[in-house]
Amino acid sequence: MFSIWPLARIVEEYNRESDKTFIIFADYLINAHHLGFVKGQNGVFKNSGTTPELIADTFSDVMTLINSDADILY
C-alpha cells in the first residue's frame, strides 16, 4: 500500500508545497501519511499531518521496513 514516487513527482510535489521543510518521497494509502526527509535533520520521517516522526536512519532502512511490513510505518 506504499507508493514510492519517481523523481519527477517528488520535484513536482515539492514545488507545489508551501512548506519546503519536508520532502516527500512516498505515501501510504493514497496520501494517508507520507514518508520523507526533513531539511536540516538526518534520517527518514513519517508525517501524518502533525510533527514528523523519525522512523529510520536511511532510505535503505525504510525500504527494509516496508518490505518487512514493520509496525513503525503505521
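This is a predicted model: local features need pLDDT of at least 70, side-chain atom pairs count only at pLDDT 80 or more; totals for chains, interfaces and linings use all residues.
On a 1 Å grid over the protein atoms alone, a cavity is a set of points where a 1.4 Å probe fits but cannot get out, and lining residues have an atom within 4 Å of a point. Residues are numbered from 1 along each chain as its sequence is written, and side-chain values use heavy atoms, with hydrogens and water left out.

The cavity count is 1 at a threshold of 30 Å³ or more. The largest cavity has a volume of about 30 Å³. Volume here is the space filled by probe spheres set on the points, with grid points joined across faces, edges and corners. Its lining consists of Trp5, Ile10, Glu13, Tyr14, Glu17, Phe22, Ile23 and Ile24. Of the lining residues, 6 are nonpolar (Ala, Val, Leu, Ile, Met, Phe, Trp, Tyr, Cys or Pro), 2 are charged (Asp, Glu, Lys or Arg) and none is polar (the others, Gly among them). At least two lining residues come from each of α1 (7–16) and β2 (22–28). Helices (H or I, at least four residues) and strands (E, at least two) are DSSP runs, numbered from the N terminus.

Strand β2 is mostly covered. Of its 7 residues, 6 are buried (under 20% relative accessible area, 1.4 Å probe, protein chains only). Strand β2 also has two partners, where pairing requires at least two DSSP bridges between strands. With β1 (residues 2–4), β2 forms 3 antiparallel bridges. Serine 3 is bridged to aspartate 27 of β2. With β3 (residues 33–38), β2 forms 6 antiparallel bridges. Here alanine 26 faces leucine 35 of β3. The β2–β3 hairpin has 4 residues between its strands, and leucine 29 adopts a positive phi near 50°.

Pairing continues beyond β3. Strands β3 and β4 (residues 44–47) run antiparallel and are joined by 3 bridges. Glycine 36 lies opposite phenylalanine 45 of β4. Overall, 5 strands make an open antiparallel sheet in the order β1-β2-β3-β4-β5. Strands β1 and β5 (53–56) are the edges, each pairing on one side only. The average twist from one strand to the next is 40°. Axes are lines fitted to C-alpha atoms, for helices over the stretch in contact (heavy atoms within 4.5 Å). Angles run from 0 to 180 degrees between N-to-C directions. Helix α2 (residues 59–67) lies across β1, β2, β3, β4 and β5, at about 80° to β5.

Definitions and conventions:
On a 1 Å grid over the protein atoms alone, a cavity is a set of points where a 1.4 Å probe fits but cannot get out, and a pocket is an open set with protein on both sides within 12 Å along at least five of seven lines; lining residues have an atom within 4 Å of a point. Buried means under 20% relative accessible area, exposed over 50%, partly exposed in between (1.4 Å probe, protein chains only).
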